[in-house]
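Hi,

Here is the structure I promised to pass on.

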Amino acid sequence: MKLNWKFSQNRENLIALLVVAVLIGMTTGALAVAFRYLLLYATDLFWPDPRHLLDVGQAYPWYLILLIPVCGGLLVGPLINRLSPETRGAGVPEVIEAVVNREGTIRHRTALFKTLFTTLSISCGASVGREGPVVHIGSSVGSSIAQLIKLPAEWKRVFLACGAAAGIAATFNAPMAGMLFAAEIILVDFQVSYLSHIAISAVTATVVSHHFLGSLPTFEVPAYELISYAELPLYGLLGFLAGLLSILFVRSVSTVEDLFGKAKIPFIWRPAISGVLIGAMAIGWPHVLGVGYESINLALTAKMTIGLMAIVLLLKLVATACSVGAGFSGGIFAPSLVLGSLLGGLFGSILEIIFPGSVATSADYSLIGMGAVVAGTTLAPITAIFTIFELTYNFDIILPLMTCCITSLVTVQKFYGYSIYETKLLRKGIRMVRGHDVNLLRSMQVGDFMTCEFETVRQDMRLGAVLEIAENSPYPHFPVLDNREKLVGMLSMSDLKSFLGEIGELSELVIASEIMTSRVVIVRQEDNFETAFEIFEGKQISTLPVVADDGSLLGILKKNDLLLAYNQKILKLNVVQRN
């Protein structure tokens, strides 16, 4: 099946593109449901009751609790490393990377491997979430469908986002949260014109999820009540603490990755080593195992003591950092919810002791804390607010939730500056900059726009011969090559000006290598226009040689050509969008 580019840009074919969005929603919703059941069956293979992991201490001896995460790590590490390295970790950063650097292209097999490896990771007890993997799976579905019907890069990104929205919507029974997640986190250059496609995918996935799993909320949500507006400063304080916890969480994941890297431990062994720590903690506190929804429900129903919440909060933080940092396949969205519920419940319990009868319950603060930590770790406050709101549909929760989430966001921005997803990308050398212009620059490669029309000079060429070439040449810059045809420098007309008055006596004494610029800034043909543009602006030059890995000259990139190609691309996209 092929959807022609001209067909896809025509307003008359909006319905056809919406049908594709529905197909993505249905497929992702079905896969999300299948993933839930597969996860239950797989967890049942490792543990006595997949729905009650907190009871494992009563059914298993301590050594089995210790060994199961280790055995899972021994399986996960080699499988991921050999078959699909991109499925390592949360999944959402890889989706964003596909939007930013690969024009929305995700390998077709990613959905299969992400499903299998995340199932194995969570079922053996790794402290990771299932939401990020479902986002990765849904995004893979959207990208694959767009590739199969030959859609252009812009629509591949949109349908990738449709799959991401459908994944979140199906997981939480929250279509608005799914839609906003895709717009706020996945699409770095979101446009309102695509909102209808994302929304219909999220709605369709929610309908599929409702059909198979029911329409009940994921958690045991308390009946929230705002006691007084005087509580809002307390919610602000909770938001500040949630922001600090979010920073600690993000830094902990990076620290674990750095420790493994400094120790030079191969990737295949890292999950097993992490499994040792997870299993050891689970012997006394099985709350660290798996996704952690049981802990959330205990906090939301005020069935945990202050001491237990404090211990589990610390251990869950360590277990999640070890799991994600070691490369288990799984997300951080659910662990963020767990950490937020425990922090909020702990904070609310302390307030109940200090202000008895004057503040909301610890369960209420636990619910607000969930949104605050999600807002802090993802820097996506709107997604966090609507995720919690769709669990309650109680308008009383809006003001406290907004106060807490925005305070958490500002705290992270002030003292750290990046989300957990952006941190992961930055550590890979990828800067995620929000903006349509940046993504256009990244989609254009130097090799496609360089010119092969230029004149070169030899490094041992006499000045007189160089000036003769320059006088008859239309080019203002000359690459200087050695005897092996490798670039060794650049000569420009400004380099030659100072010798024009003394040409007679110097023409046979000076050679090109003595007056050329030897410290040449170069680009590779696979570099994108963003890299080239930064060099042009930073170095205040107008020409860049394009050089191969072996040092041979491939072409010349001119700043004027870059700007012309970029402006033509902008014009073409504007014409397409108007049509």
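Below is what turned up on ring pairs, a surface patch and a couple of backbone angles.

First, the ground rules: this is a predicted model, so local features need pLDDT of at least 70 and side-chain atom pairs count only at pLDDT 80 or more, while totals for chains, interfaces and linings use all residues. Residues are numbered from 1 along each chain as its sequence is written, and side-chain values use heavy atoms, with hydrogens and water left out.

On to the aromatics. The whole structure has 9 aromatic pairs (rings of Phe, Tyr and Trp, the last by its six-membered ring, with centres within 6.5 Å; planes under 30 degrees apart are stacked, over 60 edge-to-face, the rest tilted). One of them is Phe-181 with Phe-333, edge-to-face at 6.2 Å between centres and 70 degrees between planes. Phe-181 belongs to helix α9 (residues 175-186) and Phe-333 to helix α15 (residues 333-354), so this pair ties together parts 152 residues apart in sequence. (Helices are DSSP runs of H or I, at least four residues, numbered from the N terminus.) Phe-181 is buried at 1% relative accessibility, and Phe-333 is buried at 3% (buried is under 20% relative accessible area, exposed over 50%, partly exposed in between, using a 1.4 Å probe and protein chains only).

Then there's Tyr-235 with Tyr-365, a stacked pair: 4.6 Å centre to centre, 20 degrees between the planes. Tyr-235 is in helix α11 (residues 232-262) and Tyr-365 in helix α16 (residues 362-378), 130 residues apart.

What about the surface? Trp-62, Tyr-63, Leu-64, Leu-67 and Ile-283 make up a nonpolar patch with about 480 Å² of accessible area together (Shrake-Rupley, 1.4 Å probe, only the protein chains shown counting as cover). Patch members have over 30% relative accessible area and no salt bridge, and nonpolar side chains (Val, Leu, Ile, Met, Phe, Trp, Tyr) are joined within 5 Å, like charges within 9 Å; a salt bridge is a Lys or Arg side-chain nitrogen within 4 Å of an Asp or Glu carboxyl oxygen. Helix α4 (residues 62-83) gives the most to the patch, with 4 residues. Tyr-63, in helix α4, is partly exposed at 44%.

Last, the backbone. Ala-302 has a positive phi, near 55 degrees, and sits in the loop between α13 (293-300) and α14 (306-326). Leu-379 also has phi near 55 degrees, in the loop between α16 and α17 (381-392). Ala-302 is partly exposed at 48%, whereas Leu-379 is buried at 17%.

Cheers

Definitions and conventions: Helix = DSSP H or I, 4+ residues; strand = E, 2+ residues; numbered from the N terminus.
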